[in-house]
Amino acid sequence: MFAIVCVISVNAQPTSSSFAYPETKKEVVKDTYFGTDVNDPYRWLEDDRSAETGAWVKAQNEVTFGYLSQIPFRNQIKERLEKLWNYERISAPFKEGNYTYFYRNNGLQNQSVIYRKDKSGKEELFLDPNTFATDGTTSLADISFSKDGSLMAYSISEGGSDWNKIIIMDAVSKKVLESPIVDVKFSGIAWLGNDGFFYSSYDKPEGSELSAKTDEHKLYYHKLGTTQKEDKIVFGLNEKRRYISGAISEDQHYLIITAANSTTGNELYIRDLNDPNSKLETIVANFDSNNYIIDNIGTKLFIVTNLNAPNQKVVTVDFKNPTPENWKDCIAETDYVLSPTTGAGYLFANYMKDAISQVKQYDYDGKLVREISLPGIGSAGGFGGKKTETELYFSFSNYLTPGTIYSFDPKSGTSKVYEKPKVDFNSDNYESKQVFYTSKDGTKIPMIINHKKGLKLDGKNPTILYGYGGFNVSITPNFSVANAVWMENGGIYAVANLRGGGEYGKKWHDAGTQQKKQNVFDDFIAAGEYLIAQKYTSSDYLAIRGGSNGGLLVGAVMTQRPDLMKVALPAVGVLDMLRYHTFTAGAGWAYDYGTANDSKEMFSYLKNYSPVHNVKKGVKYPATLVTTGDHDDRVVPAHSFKFAAELQAKQAGENPVLIRIDVNAGHGAGKPISKTIEENADVQAFTLYSMGIKELKK
């Protein structure tokens, strides 16, 4: 594949008569794949550092926010979001050293604050991320304590970037100990005693750090009291891997390394830290399965794997002979996907049945202790902790129930409410129903539909259909303030559990990858058709929404079936399928997508659904609000820029095509609450207004 770039440019004029979009320059840029030429007229928008791109972003935002400001109920939605969001949120506590730590948000704080209590119960503020930046755009990415709790390292993200800094402090005095570790990306922090810790990163790329390719991950060891330049590469110098992580076993006996070239499948290595002459031992030497060590008792390792077990299982093996032929089942595979945790000397098997949680407690011999009674039908998470803990915690939530924290006695199996939020939302007035509908090829797909009780099925209910469908990610029921406000205003919120996700294990995931990706789009289209056929809504009142891989979903479906929906809401989407792998760590997504360089067949398949390449002149596309962040270095904003430019140039109908570009924001993690509220208010206002709704009921 090669590219031809011509500096002669022309201006693309918008065809929609109702909007004066900013002019977007078109250049003659041509790529050739397997003998086929593909034009890329908006390649210049990939340069996130250029003044020209900056001017385009500013001009687009002026048009977008000018339009949004005229929606009469925009502020009404924002005010309700602020009011509903303004409730105290407290996390489950965790013990480190002589203190018990927890997160607290008083309601509208941009970032949650870490507090702690000493053994007498005296409480103090420990770390306030709101002080990192005046606008709340610098967030806490990760925290890690040394085993005795006397030292702590935490990483921060600035402007939503995946590039982090690690700051090291004395946890007792709260004094910062040395200069930050900089240019860290996709990393944990694994302490080895009080001497230092392991972390991962890439070499700083040439060109833009927000969009340039990052391909070779390395695991480093930082010894306290030394400079970052002295940090030793532990893994990744001779082994070229795209993703590498290091962890230390709870007993500090082992260094555990996982290495991968894609988001699915990993190698697994281990080293005995008690033996200074030990070498790194290989447990799994290929990328054919997902494998990680969850715990150990002495030399007995507990490994979670989907090797010959698509729904995952827990196996045991001795460190001295750790390869798969020696594995023995501890918790065997079942019909449901397993996600285990450990705490208080037990294994907790969190199973997913049709995207709903079931939890069972096992001892370390694999003997069932009990099935844990959950508060209802929804998503349970937690049950993790050190072996020495006598009390554990778990959270429970669904689409109608705000997340509640429960304490759990692992000996008796009893649980009680630890922290129940006081939210100004009466879930008794709403209902949540799971249905199964049929996709194009006959596959049954689950979907959960949420709305006010007594809803009239007349086809006129504003509906947001949400989906993701990729990367083995499972979309399970969880409460959202934004969705609560949507339902308060008479909206339906429906979530389809599409193929490509992890709801039914590896087979379900694989059924939505590479040249089976169309299954995901067909599943989503069928969900919309089901909602219309059952008169929940109609095409005039249907919006489709998704982010990241879900943004690709929305982009593909709206270009394949523009008649199906009234509104399309692609967020931080992967939208240029021919070039996604050339940015940041995008090449690691090839297990799900394949790349345009793989083969002529793969190129053709990608081109046939790539949203940027399938916008056609003369088609009436739905009202579209593309959302992205200018610091998104996970899915670079050029995807969204190019897609919006194509839509604006070719839109035949009267529906607006706008792009909302958050400045100093990234892919989503750590986004301040103020920005989250503003974005959700704009999305909901745009959606309702595009459906012809002029005012909201009081």
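## An aromatic pair

Phe 34 is partly exposed, with a relative accessible area of 40%; in this report, buried means under 20% relative accessible area, exposed means over 50%, and partly exposed lies in between (1.4 Å probe, protein chains only). The model is predicted, so local features need pLDDT of at least 70 and side-chain atom pairs count only at pLDDT 80 or more, whereas totals for chains, interfaces and linings use all residues. Residues are numbered from 1 along each chain as its sequence is written, and side-chain values use heavy atoms, with hydrogens and water left out.

The whole structure contains 41 aromatic pairs. Rings of Phe, Tyr and Trp (its six-membered ring) pair if their centres lie within 6.5 Å; planes under 30 degrees apart count as stacked, those over 60 as edge-to-face and the rest as tilted. The ring centres of Phe 34 and Phe 603 are 6.4 Å apart and their planes meet at 40°, so this pair is tilted. Phe 34 belongs to the loop between β2 (24–33) and β3, while Phe 603 belongs to helix α8 (residues 600–609), so the pair ties together parts that are 569 residues apart in sequence. Helices (H or I, at least four residues) and strands (E, at least two) are DSSP runs, numbered from the N terminus. Is Phe 603 buried or exposed? With a relative accessible area of 3%, Phe 603 is buried.

## Further rings

Tyr 466 and Tyr 493 form another tilted aromatic pair, with 6.5 Å from centre to centre and 35° between the planes. Their positions lie in distant parts of the chain: Tyr 466 is in strand β36 and Tyr 493 in strand β37, 27 residues apart. Tyr 466 is partly exposed, at 21% relative accessibility, whereas Tyr 493 is buried, with a relative accessible area of 8%.

Elsewhere, one aromatic cluster is formed by Phe 94, Tyr 99, Tyr 101, Tyr 103, Phe 126 and Phe 145. Rings also receive charged groups: the charged end of Lys 25 sits over the ring of Trp 44, 4.9 Å from its centre. Likewise, the charged end of Lys 185 sits over the ring of Phe 186, at 5.4 Å from its centre. A charge sits over a ring if NZ of Lys or CZ of Arg is within 6 Å of the ring centre and within 35 degrees of the ring normal.

## The open sheet

An open sheet of 8 strands runs in the order β34-β35-β37-β36-β38-β39-β40-β41, with mixed pairing. The strands at its edges, β34 (430–438) and β41 (657–662), each pair on one side only. From one strand to the next, the twist averages 20°. Two strands pair if DSSP finds at least two bridges between them. Strands β39 (residues 567–571) and β40 (residues 623–629) pair in the parallel sense over 3 bridges, and Ala 571 stands opposite Thr 627 in β40.

Helix α1 (residues 51–68) packs on this sheet, touching β40 and β41, and its direction makes about 115° with that of β41. Helix α5 (residues 518–533) also packs on the sheet; α5 touches β34, β35 (444–452), β36 (463–466), β37 (492–496) and β38 (542–547), and its direction makes about 120° with that of β34. Axes are lines fitted to C-alpha atoms, for helices over the stretch in contact, and angles run from 0 to 180 degrees between N-to-C directions; contact means heavy atoms within 4.5 Å.

## Salt bridges

How many salt bridges are there? The count comes to 38, where a salt bridge is a side-chain nitrogen of Lys or Arg within 4 Å of a carboxyl oxygen of Asp or Glu. Asp 40 forms one with Arg 579, and the closest N and O atoms are 4.0 Å apart. This pair joins distant parts of the chain, 539 residues apart: Asp 40 is in the loop between β3 (36–39) and α1, and Arg 579 in the loop between β39 and α7 (590–593). Both Asp 40 and Arg 579 are buried.

Arg 43 and Glu 46 also meet in a salt bridge, at 3.7 Å from N to O. Arg 43 is buried, with a relative accessible area of 13%, and Glu 46 is buried as well, at 12%.
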